Amino acid sequence: MSKSVFYRLFGAGAVPKDALEQVRREGVVLQEEGVCGSMTMRNFRAPGRAHGVKKQWFTGSIVLTEQHLLAFGWKLPVIGLAWNDPRIHALVGVLEKPNELRFSYDASEFNSDWSGQIEIRYRTPKARSILEHFQRRRGATDKGGA
């Protein structure tokens with residue numbers, strides 16, 4: 001699976017420059033850039049916003065460091081959680097297809113005045129590796145690890 005045309009032409013979907021220092025400092029475990037992705041909001045409610053279903057496509061990146069799971073759509077963070085953050089357990093990771101990774105969560109787990117479901121998908125050949133590392137690290141926090 002090749003990189004997005006936006007990534008190849010314009011570098012869109014790379015890890016944002018303002019996050020690179022943190023990523024390098026924490027130690028990259030897995031990194032994938034320039035991959036196609038989407039964010040879907042279902043029955044989403046937030047102050048000033050309401051969507052029955054809204055889907056946004058993007059070119060993005062996902063980075064697993066020793067300390068964080070970071071995911072970006074364009075240059076915007078869509079997931080940014082430390083492995084020891086208790087909210088990591090609200091995030092569900094699933095391999096939809098061999099090359100499609102889905103993270104989903106209840107919006108209220110991350111913002112008290114939001115409701116609804118949010119799904120973030122990435123199409124990448126590293127989907128299985130990313131999911132396995134996510135599950136291992138999240139499971140380590142169940143046992144008191146970080």
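Analyst: Glu100 lies in strand 6, residues 100–106, where strands are DSSP runs of E with at least two residues, numbered from the N terminus. This is a predicted model, in which local features need pLDDT of at least 70 and side-chain atom pairs count only at pLDDT 80 or more, while totals for chains, interfaces and linings use all residues. Residues are numbered from 1 along each chain as its sequence is written, and side-chain values use heavy atoms, with hydrogens and water left out.

Glu100 counts as buried because its relative accessible area is 10%, the classes being buried under 20%, exposed over 50% and partly exposed in between, with a 1.4 Å probe and protein chains only. The side chain of Glu100 is joined to that of Arg121 by a polar contact of 3.1 Å, a term for a pair of N or O atoms within 3.5 Å, of which, within protein, one must be able to donate a hydrogen and the other to accept it, and residues adjacent in sequence count only if both atoms are side-chain atoms. Apart from neighbours within four places in sequence, Glu100 is in contact (heavy atoms within 4.5 Å) with Val94, Leu95, Arg121, Tyr122, Arg123 and Ala127.

One of these partners, Leu95, sits in strand 5, residues 92–97, and is partly exposed, since its relative accessible area is 21%. With neighbours within four places in sequence again left aside, Leu95 is in contact with Glu100, Ala127, Arg128 and Leu131. The C-alpha atoms of Leu95 and Ile130 are separated by 9.7 Å, although these residues are 35 residues apart along the chain.

Notes: Helices (H or I, at least four residues) and strands (E, at least two) are DSSP runs, numbered from the N terminus.
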